[in-house]
Amino acid sequence: MATKNKEKKFFGQPYGLSTLFMTEFWERFSYYGMRAILLYYMYYAVSRGGLGFNQVTAVSIMSIYGSLVYMTSVLGGFISDRILGSRRTVFWGGVLIMFGHIFLSLPMGKPTLYLSILFITIGTGLLKPNVSEMVGGLYSENDPRRDAGFSIFVMGINIGSLIAPIVVGQAWKSFNFHVGFSLAAIGMFFGLITYYFQGKKYLPDNSLQAPDPLSDAEKKKLYKRVAICLAIVIVIFAILFAVHAVNLTNIITLFTILGVALPIAYFVIILSSQKVTKVEKSRVRAYIALFIAAVIFWAIEEQGSTVLGLFVANNTQLNVNLNFLGLHLDKLVPSWFQSLNPLFIVLYTPIFAWLWTKLGKKQPSSPAKFWMGLVVTGISYLVLLIPLMTGNGGKVSPWWLVLSWGIVEIGEMLISPIGLSVTTKLAPKAFSSEMMSMWFLADAAGQAINAQVVQFYPGHEATYFGVVGIVAIAFAAILLVLTPKIEKLMAGIN
């Protein structure tokens, strides 16, 4: 890069961070804006501008959709590392995402929904992990600005996620669903324009090259594996066609099985590899317990856009008389509640960063933080029993939802960043990239399981919140008992 480009700064950081900050800001704006209203679009009656699915089917689709996004992140990492390089992979991921939102903006019914899911799932898988990787590529290993740069980048993610449900939700309220989806498409378009033109100036040239390109022999092996996978898919669908079982429910079930099977396969491969030492295998076994805890956490946290989305629409008092910063509100839009997740992350992040720094070596171990996070996560659902069981059958105050989200995000602070850190620490040297994929697959597995579990929610709200909350706390108790053994298996890693 030219010297003048190196001298230009973004809050004291390499100016390329500005490019990636805005790219991820707009990508998250488009994704969470779409996600905030998609549930309602699917189950609202056609006369109200929706697709007319029943609520059980709608929440199942939402769950498997989220699962597929994280499963394809593994694919995105492979394409970047072995074929296209991170910069091209991110660009084409953004193009797919934009077209996915364009499909949803067209009032053409269910076919465009399925096309949108395909494009956005693959596009997000290509873009999301590689943008984060490119942030790291802006710094040398010893650059003291590195942590601050990632903090600024994460802030861009959360700002985009925070304002999107409000803006897109208002477009839905004022016009219709398709105008809201159009805003998501426009947001991704802005992100692509910023990325393409600024990227030429401020992103390192090595991001255009795959760091570990496939050899000719590896390409032949890849083609063979892809052919085998396609053959398996064809055989499965041929069998389903033969027994007249091709329907949405069975397809969702197949993806649920895939979401659970993938991480299991990864663990088997890593633990059976001769490249992994005895000490590294011990650490991977310790990671299994933390992985299961993460699956349970993400299963509950990701229900914010499914189960809690229904709870907001069906059980929450949205007609209010609220004055906030001079703004008068007489009716809340259901999608606005999706902004609570990033709002609390923005509020909590500096508090927890200060807390861990203050405690230093006295802070709890990673397994201890995980079980505490699960306890808090379970409580976030149990508190919703209070208005349901003490009320007179009417709709509950929206402040109960604010409280629930506020609690579960404490759980996220105890599990999500800690999980990322401990994943890198416990990863065997020969499988460092694959272990980072495992962290994405924890979310994928949680949402894949959700696709089945959330079907029990409609009509059984109190029972559902109670059972799920107790399950989370029960596993936290098991993790508490196992913590000393897990710490021993971690072999010196905290």
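This is a predicted model: local features need pLDDT of at least 70, side-chain atom pairs count only at pLDDT 80 or more; totals for chains, interfaces and linings use all residues.
Residues are numbered from 1 along each chain as its sequence is written, and side-chain values use heavy atoms, leaving out hydrogens and water.

**Charged pairs**

What does R35 pair up with? Its side chain meets that of E302 in a salt bridge, 3.6 Å from N to O. (A salt bridge is a side-chain nitrogen of Lys or Arg within 4 Å of a carboxyl oxygen of Asp or Glu.) E302 sits in the loop between α10 (278-301) and α11 (307-315) and R35 in helix α2, so the pair ties together parts that are 267 residues apart in sequence. (Helices, H or I with at least four residues, and strands, E with at least two, are DSSP runs numbered from the N terminus.) E302 is buried too, at 10% relative accessible area.

The structure holds four salt bridges in total. Another one joins the side chains of E27 and R28, at 2.6 Å from N to O. How accessible is E27? It has 0% relative accessibility, so it counts as buried. R28 is buried as well, with a relative accessible area of 2%.

Then there is R82, which forms a salt bridge with E218, the closest N and O atoms being 2.6 Å apart. R82 lies in helix α3 (residues 55-84) and E218 in helix α8 (residues 216-242), so this contact ties together parts that are 136 residues apart in sequence. D212 joins in as well: R82, D212 and E218 are linked in a network of salt bridges.

Here's how some of these charged residues score for accessibility:

| Residue | Relative accessible area | Class |
|---|---|---|
| E27 | 0% | buried |
| R28 | 2% | buried |
| E302 | 10% | buried |
| R82 | 16% | buried |
| E218 | 31% | partly exposed |

**Helix against helix**

Two packed helices are described by the angle between their axes and the distance between the axes. Helix α2 (residues 16-43) packs on α7 at an angle of about 165°, with the axes 8 Å apart. (Axes are lines fitted to C-alpha atoms, for helices over the stretch in contact, and angles run from 0 to 180 degrees between N-to-C directions.) That makes α2 and α7 roughly antiparallel to each other, a label for angles over 145 degrees. The crossing of α2 over α7 is left-handed, which means that the near helix is turned anticlockwise from the far one by less than a right angle.

How do α10 and α17 pack? Their angle is about 165° and their axes are 10 Å apart. They are therefore roughly antiparallel to each other, and α10 passes α17 in a left-handed crossing.

I186 belongs to helix α7 (residues 177-202) and is partly exposed, with a relative accessible area of 40%. Together with F189, F190, I193, Y196 and F197, I186 forms a nonpolar patch on the surface, with about 560 Å² of accessible area between them. (Patch residues have over 30% relative accessible area and no salt bridge, with like charges joined within 9 Å and nonpolar side chains, Val, Leu, Ile, Met, Phe, Trp or Tyr, within 5 Å; areas come from the Shrake-Rupley method with a 1.4 Å probe, and for residues only the protein chains shown count as cover.)

**Positive phi and buried helix residues**

Which backbone angles might you check? H244 has a phi near 55°, a positive value in a residue other than glycine. H244 lies in the loop between α8 and α9 and counts as exposed at 75% relative accessibility. A491 isn't a glycine either, yet has a positive phi of about 50°. A491 lies in the segment after α17 and is partly exposed, at 29%.

Inside α17 (residues 461-489) you'll find L479, which is buried at 1% relative accessibility. L479 and Q170 are 309 residues apart in sequence and 43 Å apart in space, C-alpha to C-alpha. P263, in helix α9 (residues 248-272), is buried at 3%. From P263 to V235, the gap is 28 residues in sequence and 23 Å in space, C-alpha to C-alpha.

Methods. Buried means under 20% relative accessible area, exposed over 50%, partly exposed in between (1.4 Å probe, protein chains only). Angles under 35 degrees count as roughly parallel, over 145 as roughly antiparallel, 65 to 115 as roughly perpendicular and the rest as oblique.
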